[in-house]
Amino acid sequence: MSEAMHPLAPHHLPGFIVAPGETDVLFTGSVIFIIALLMMLGSLYFWLHSLPERIAHGASQVQFQLVAVLALLALFTHINVFWVAALLLAIVPIPDFWTPLSTMAESLARMAADRRQAPADMPAASAPEAIAAGSPLSVNDAPLSQVRVVELEAPSAPPDDQHRVPANEERRP
């Protein structure tokens with residue numbers, strides 16, 4: 001076989017057509033470009049799938065775990081509803097009901113324990129002597145028989161109140 005050009009071939013061939021046995025640069029470049037593009041698109045896909053987990057990272061542990069499970073289900077099953085649910089769950093914070101309830105329960109348990117111990121640990125001095133001595137008191141220091149309810153009187157009207165005009169009357173000069 002001769003290396004001369006075929007008589008029917010055009011005299012000027014484009015640069016991407018190579019002679020037999022030479023490296024096809026356009027094909028090699030295209031393959032490298034496609035592989036790089038697929039890697040970048042795959043990274044973008046996984047980055048987008050981890051978005052709910054990154055949003056929920058500062059939330060409570062239970063909320064973070066729920067978001068992570070929903071995102072993994074969406075990733076492996078390709079059911080987009082799981083990913084949308086994970087994103088919504090990550091954005092909307094779940095209120096923490098347990099912490100206030102547990103602190104209230106602990107406080108009530110301490111109060112109940114203090115009440116049970118109060119009669120046995122009753123101070124020897126009564127409340128008036130303790131006040132005179134300058135020691136701090138709490139409600140549990142005095143027995144209920146010594147606790148008095150004091151009613152305070154309403155303050156008297158200031159002397160300027162006599163000249164005040166009622167709201168329904170107009171002032172005249």
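Start by selecting helix α1, residues 25-49, and go to H49, which belongs to this helix. The model on screen is a predicted one. Is H49 buried or exposed? The residue is buried, with a relative accessible area of 12%; that is under the 20% limit used for the word.

Keep H49 selected and show what surrounds it. Apart from neighbours within four places in sequence, H49 is in contact with A71, A74, L75 and W83.

Now select residues 61-77, helix α3, together with residues 80-91, helix α4. The axes of the two helices come within 8 Å and cross at roughly 160°. Because the angle is over 145 degrees, α3 counts as roughly antiparallel to α4. Their crossing is left-handed.

Next, show the side chains where the two helices meet. Which residues make the contact?

- On α3, pick Q63, L66, V67, L70, A71, L73, A74 and T77.
- On α4, pick F82, W83, A85, A86, L89 and A90.

Colour this set by residue type: twelve are nonpolar, two are polar and none is charged.

What is the phi of H78? The value is positive, about 60°, although H78 is not a glycine. Most residues other than glycine have a negative phi. With a relative accessible area of 56%, H78 is exposed.

Finally, clear the selection and view the whole protein. How many helices and strands does the secondary structure hold? There are six helices and zero strands, so from the N terminus on the elements read α-α-α-α-α-α.

Switch to a surface display. The accessible surface of the protein comes to about 15,400 Å², and 67% of this area belongs to carbon and sulfur atoms.

A last item concerns contacts along the chain. Taking contacts between residues at least 6 apart in sequence, 39% join residues at least 24 apart.

Key. Residues are numbered from 1 along each chain as its sequence is written. This is a predicted model: local features need pLDDT of at least 70, side-chain atom pairs count only at pLDDT 80 or more; totals for chains, interfaces and linings use all residues. Side-chain values use heavy atoms; hydrogens and water are left out. Axes are lines fitted to C-alpha atoms, for helices over the stretch in contact, and angles run from 0 to 180 degrees between N-to-C directions. Helices (H or I, at least four residues) and strands (E, at least two) are DSSP runs, numbered from the N terminus. Angles under 35 degrees count as roughly parallel, over 145 as roughly antiparallel, 65 to 115 as roughly perpendicular and the rest as oblique. A crossing is left-handed if the near helix is turned anticlockwise from the far one by less than a right angle, and right-handed if clockwise. Contact means heavy atoms within 4.5 Å. Ala, Val, Leu, Ile, Met, Phe, Trp, Tyr, Cys and Pro count as nonpolar, Asp, Glu, Lys and Arg as charged, and the others, Gly among them, as polar. Accessible areas come from the Shrake-Rupley method with a 1.4 Å probe; for residues, only the protein chains shown count as cover. Buried means under 20% relative accessible area, exposed over 50%, partly exposed in between (1.4 Å probe, protein chains only).
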